[in-house]
Amino acid sequence: MKTARKVLIIKTGFSEFLDRGISTTVSLGDVLICTSLLHLYKKDEVTWVTDWQARQLLQKNPYIHHLLIFGTKTLEHLKAQEFDILINLEKDIGICTFLNQIKAKKSYGFYFNDAIHNISTRRKFTQYLLAGQENHKDIQKNALEILYETVGEEWKGQGLILGVKASKKEHYDVGFNYAVGSKWPTKAWPQDHWKSLENLLGKPYKISWQQGHKNLSKYIEWINDCRVIVTCDSLGQAVAQALGKKVITLYGPTNYVRMQGLPDVTVLPSTLKCPHMPCFLPVCKFDKFCMDYISPEKVAQICKENLK
């Protein structure tokens, strides 16, 4: 019988693995997306280090044996151990520097490179992960393909893993996941478009507007109660996919290619031919706003196709 390997995964959500920026606002969706890697380590002993804000997304996950909250005590605890595999998915220079002290037979992801006195990646062809948002126009693979390449593996359609069972009886046909985070308010689809979509779908369908805005558990319960989720580029997309829902994601200022080809996800990018897309700007500086150019009629059509 094969001996279980000791695997350490660092994913706090302080940075997104396809975004150069570091923030105190934890990217919950990015943390959940990275759970797809757990398919590779189902028979191993996995320790996952995350931020307190992201813990609910990882609790009760059947493939995480030790869930640790990022902090001084946790880091000192890790120094006393030896791992077979270390995967660091955070670009924070402090985390990367500290992880040079962790004993691991194999290491993947980001690390502090003493030779250049900066952060590098363990695999040369993933260097563009450090290039920032301006490099997104060159990305031709989805996030999970890139994530698997980061650890030297090939993505074969594995989805996200959430420690919540998918509901067998949904009360709503379509859920409107209309809210977006404070980091990129430009991701939001205009409210009048949401209203138009509601009118286009009409009475045959039970529609629910987003619930649980300030309570992650209730938010997950609400998504679990819907057959189809219409969403902007936000946490709701990742939660819905992990729960096996049909997902329709609306894209404008961020890179839709990141989610193209994911199981049960229909990506609907803006039809505006803006040369700056994806711009990743928190405030639109241009004459036309890309999210205005996603047609409610087209979204309604895709909803109906998914509800057949």
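This is a predicted model: local features need pLDDT of at least 70, side-chain atom pairs count only at pLDDT 80 or more; totals for chains, interfaces and linings use all residues.
Hi everyone. Residues are numbered from 1 along each chain as its sequence is written, and side-chain values use heavy atoms, with hydrogens and water left out.

Let's begin with Thr-231. You will find Thr-231 in strand E9, residues 226–232. Helices (H or I, at least four residues) and strands (E, at least two) are DSSP runs, numbered from the N terminus. Is Thr-231 buried or exposed? Thr-231 counts as buried because its relative accessibility is 0%. Buried means under 20% relative accessible area, exposed means over 50%, and partly exposed is in between, with a 1.4 Å probe and protein chains only.

What does Thr-231 touch, leaving aside its neighbours within four places in sequence? Its contacts include Asn-177, Trp-194, Gly-236 and Val-247, where contact means heavy atoms within 4.5 Å.

Now to a partner of Thr-231. The side chains of Thr-231 and Ser-234 are joined by a polar contact of 3.2 Å. A polar contact is a pair of N or O atoms within 3.5 Å; within protein, one must be able to donate a hydrogen and the other to accept it, and residues adjacent in sequence count only if both atoms are side-chain atoms.

Ser-234 sits in the loop between E9 and helix H8 (235–242). Ser-234 also counts as buried, because its relative accessibility is 17%. Its side chain makes a polar contact of 3.0 Å with the side chain of Asn-177. Not counting residues up to four places away in sequence, Ser-234 touches Asn-177 and Ala-179.

Next, the cores. A nonpolar core is a set of buried Ala, Val, Leu, Ile, Met, Phe, Trp, Tyr and Cys residues joined through side-chain atoms within 4.5 Å. The largest one has 61 residues, and Ile-87 and Val-239 touch the most other members. Apart from it lies another core of 23 residues, with Trp-194 and Val-228 among them.

Finally, empty space. Rolling a probe the size of a water molecule over the atoms shows where empty space is left. On a 1 Å grid over the protein atoms alone, a cavity is a set of points where a 1.4 Å probe fits but cannot get out, and a pocket is an open set with protein on both sides within 12 Å along at least five of seven lines; lining residues have an atom within 4 Å of a point. Grid points are joined across faces, edges and corners, and a volume is the space filled by probe spheres set on the points.

The largest pocket has a volume of about 850 Å³. Of its 36 lining residues, Leu-28, Gly-29, Gly-181, Leu-235 and our friend Ser-234 lie nearest its centre. Helix H1 (28–33), helix H7 (216–224) and H8 each give two or more residues to that lining.

The second largest pocket holds about 240 Å³ of space. Here H7 gives the largest share of the lining, 5 residues.
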